Every structure is written in C-alpha cells, then in structure tokens.
Amino acid sequence: MQIRIGNGYDVHALQEGLPMWLGGVKIPSSTGFVAHSDGDVAIHALCDALLGCLALGDIGHLFPDTSPEWKGADSKVLLSKVVALIHEKGYKVGNADITIALQRPKLSPYIEQMRETLAPILGVEKDAVSVKATTTERLGFVGREEGCEVWASAIVLK
Ligand code: MG
C-alpha cells in the first residue's frame with residue numbers, strides 16, 4: 001500500500017455583513033469572509049492538504065481567483081473536484097484533520113455538522129474527518145477578529 005501525506009494552510013479576512021462558510025456549513029455570524037469564492041477557508045486548507053499529498057499544486061492554481069468561473073463558487077464543489085483528481089490518480093482519501101483558529105463566534109455547535117458535510121464529499125466515514133476549533137486567546141490577527149486561519153492535514157492511499 002502506498003500512503004501519502006499532505007498539509008494545507010489558508011487565511012481569509014473578516015468583514016461585517018458577509019456570509020461565513022466554514023467546513024461547508026453556513027455559520028450564523030455578523031461577520032464573514034472576504035473572498036472570490038464563498039470564502040470557506042477550512043475547505044480551502046483541506047483542498048491544499050489533499051493536493052499536497054500527490055504534489056498536484058494548490059487551490060489557487062487550480063481555481064484562480066481571477067477566473068469568473070469561480071466567483072462566488074461553493075467551496076464544496078471545489079473540494080469534490082480535488083477529490084476527483086485524487087481518485088484519477090488511483091488514490092482514495094484516508095483521513096483528514098482540520099484546525100480552525102477563529103476568535104468569534106464559537107464553532108463548537110457546528111463541528112459535527114462540518115464533519116457530516118465533509119465526509120461524503122471526501123468519500124470517507126465521519127470518523128475519518130476531524131474538525132477542531134480554537135481561539136487565539138485574543139492574540140494576533142485572529143484574536144483581533146481581523147481574520148480566520150486554518151491548518152489541515154490529509155492522508156491518501158492506494
Ligand atoms: Mg482561500
């Protein structure tokens with residue numbers, strides 16, 4: 001069996017009045033993410049982790065933010081396209097682990113829904129998708145509520 005690992009990282013700025021999508025779930029919030037797509041920073045980091053597994057480049061390369069095709073794009077669609085690329089290479093997703101740093105709102109009520117949303121897109125059971133959330137104790141740009149930072153790891157195998 002061949003096992004490949006990848007990591008991904010993304011940041012989006014927060015702005016009043018924009019929608020907040022995280023892990024494929026719409027989060028009730030007065031602020032949301034500035035982005036060309038729907039701004040789902042968690043899915044973007046996850047896409048980069050998956051692409052990194054097979055050295056397939058990055059999400060900005062595959063879905064350029066200069067392209068009208070991806071304006072307002074549902075990041076779940078981007079993720080499904082990345083998973084299709086993994087499958088084309090003969091691999092399947094093993095598991096994924098996502099850490100979201102956001103000061104506000106508290107994400108704990110939405111974690112299970114994120115896992116349930118992402119698992120079928122990845123083609124794995126829910127127990128192979130971990131989503132964790134933390135604040136940064138009011139430190140840095142996350143703590144000042146200027147943005148959200150996400151790290152993701154993934155394994156693919158064949
Ligand atoms: Mg992004």
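Strands β1 (residues 3-16) and β7 (residues 147-157) pair in the antiparallel sense over eleven bridges, where pairing requires that DSSP finds at least two bridges between two strands. Helices (H or I, at least four residues) and strands (E, at least two) are DSSP runs, numbered from the N terminus. The model is predicted, so that local features need pLDDT of at least 70 and side-chain atom pairs count only at pLDDT 80 or more, whereas totals for chains, interfaces and linings use all residues. Residues are numbered from 1 along each chain as its sequence is written, and side-chain values use heavy atoms, with hydrogens and water left out.

**Strand pairing**

- Buried denotes under 20% relative accessible area, exposed over 50%, and partly exposed the range in between (1.4 Å probe, protein chains only).
- Strand β5 pairs in the parallel sense with strand β6 (residues 129-134) over six bridges, and Thr99 stands opposite Lys132 in β6.
- In a regular strand the side chains alternate between the two faces of the sheet.

**Crossover connection**

- Strand β5, helix α4 (residues 111-122) and strand β6 form a right-handed β-α-β unit. A crossover is right-handed if, with the strands pointing away from the viewer, the path from the first strand over the helix to the second runs clockwise.

**Magnesium site**

- Asp10 (OD), His12 (NE2) and His44 (ND1) coordinate the magnesium ion at 2.1 to 2.3 Å.
- Donors are N, O and S atoms within 2.8 Å of the metal (3.2 Å for Na, K and Ca); water is not among the atoms, so sites may look incomplete.
- Along the chain, the donors of the magnesium ion follow the spacing D-x1-H-x31-H.
- Asp10 and His12 are both buried.

**Helix packing**

- The axes of helix α1 (residues 41-53) and helix α3 (residues 75-88) come within 10 Å and cross at roughly 10°. That crossing makes α1 roughly parallel to α3.
- Axes are lines fitted to C-alpha atoms, for helices over the stretch in contact, and angles run from 0 to 180 degrees between N-to-C directions. Angles under 35 degrees count as roughly parallel, over 145 as roughly antiparallel, 65 to 115 as roughly perpendicular and the rest as oblique.
- On the α1 side, the residues meeting α3 are Ile43, His44, Leu46, Cys47, Leu50 and Leu51. Their counterparts in α3 are Ser75, Lys76, Leu78, Leu79, Val82, Val83, Leu85 and Ile86, with contact taken as heavy atoms within 4.5 Å.

**Backbone features in loops**

- The peptide bond from Arg104 to Pro105 is cis, with omega near 0°; Pro105 is placed in the loop between β5 and α4.
- Arg138 has phi near 65°, a positive value in a residue other than glycine. Arg138 lies in the loop between β6 and α5 (140-143) and is exposed, with a relative accessible area of 51%.
- Glu145 likewise is a residue other than glycine with a positive phi, near 60°. Glu145 is located in the loop between α5 and β7 and is partly exposed, with a relative accessible area of 25%.

**Surroundings of Val25**

- Val25 belongs to strand β3 (residues 25-26) and counts as buried, at 2% relative accessibility.
- Leaving aside neighbours within four places in sequence, Val25 is in contact with Met20, Asp40, Gln113, Met114 and Thr117.
- Val25 and Ile155 are 130 residues apart in sequence and 23 Å apart in space, C-alpha to C-alpha.
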